[in-house]
Amino acid sequence: MKTCLTIAGSDSSGGAGIQADLKTMTVNGVYAMSVITALTAQNTQGVTGILDVSPEFITEQMDAVFTDIYPDAIKIGMVSSPEIVEAIAASLEKYKAKNIVLDPVMVATSGAKLLKEEAMDSLINRLIPLADVITPNIPEGEILAGMEITNENQMIKAAEKIGKKYDCAVLLKGGHRVNDANDLLYRDGEFKWFRSERIDNPNTHGTGCTLSSAIGANLAKGYDIDQAIEMAKDYLTGALRAGLDLGKGSGPLMHNYKII
């Protein structure tokens, strides 16, 4: 069985983060493992607290995984400090990790910043260069490209700018701010749109985590980036179409939170 590792924060509500990643990877047919970077107190309404795991213990987790069950692919999500970023990057380099999918969790879809400035710089300078594909949303794409993105032409310009700057494939997610469910892949000088129907489902908490984890699972199984994304998009669309509704939450509206 192929293996996939998620490096991310824990979501106490189970809808995003490590919990969503493990569920997604398992359903997509790979053996799922985790390195937890932070504990969060959160639900579909927002995050109220974050407790970072020490960089030393993150390194211990990485060593435990890579020296026993080497992952065929890796998904990276929430990282909240430069020290954590460095611990992850050093381990990825040490073990020559492959098939790395980075979901650059910087800004919530609502526009709330989720990452301190110094951690953002470390993410950009240390982790993005190690990634095979990154999956920014529109606000994150604006930060990485240094430009406003309000339409599909600007998505094309931004994706190319990011891909050339960081030498990786870029899946720029359109989202409600630009074109609903249509995402753009820039890879090796070429563009490909992944267009899908917009599902009228308010329960979208964790969709970014789910998409990047499904991409990772498919890369682990040997599919190339284009195929992995297409299959992941189909999986996410099917999950949203199923319309599961567990609580009163209406989506990932991020409140102000405290660092513990």
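The exercises below, each with a worked solution, concern a predicted model.

Residues are numbered from 1 along each chain as its sequence is written. In this predicted model local features need pLDDT of at least 70, side-chain atom pairs count only at pLDDT 80 or more, totals for chains, interfaces and linings use all residues, and side-chain values use heavy atoms, with hydrogens and water left out.

**Exercise 1.** Determine how helix α3 is oriented relative to helix α4, and which residues make their contact.

Solution. Begin with the axes of α3 (residues 82–94) and α4 (residues 117–127), which come within 8 Å and cross at roughly 15 degrees. Because angles under 35 degrees count as roughly parallel, α3 is roughly parallel to α4. Next, list the contact (heavy atoms within 4.5 Å): α3 contributes P82, V85, E86, I88, A89, A90, L92 and E93, while α4 contributes E118, A119, S122, L123, R126 and L127.

**Exercise 2.** Locate I88 within the largest nonpolar core and list what I88 touches.

Solution. A nonpolar core is a set of buried Ala, Val, Leu, Ile, Met, Phe, Trp, Tyr and Cys residues joined through side-chain atoms within 4.5 Å, where buried means under 20% relative accessible area with a 1.4 Å probe, protein chains only. The largest core has 46 residues, and I88 is among those that touch the most other members, together with I7, I74, I76, L92, L127 and I134. Helix α3 gives the most to this core, with 6 residues. Not counting residues up to four places away in sequence, I88 touches I7, T37, I58, M62, I76, V79 and L127.

**Exercise 3.** Decide whether S213 is buried or exposed, and name its contacts.

Solution. S213 lies in helix α8 (residues 207–220) and, because its relative accessibility is 0%, counts as buried. Leaving aside neighbours within four places in sequence, S213 is in contact with D21, T24, M25 and K75.

Definitions and conventions
Axes are lines fitted to C-alpha atoms, for helices over the stretch in contact, and angles run from 0 to 180 degrees between N-to-C directions. Helices (H or I, at least four residues) and strands (E, at least two) are DSSP runs, numbered from the N terminus. Angles under 35 degrees count as roughly parallel, over 145 as roughly antiparallel, 65 to 115 as roughly perpendicular and the rest as oblique. Buried means under 20% relative accessible area, exposed over 50%, partly exposed in between (1.4 Å probe, protein chains only).
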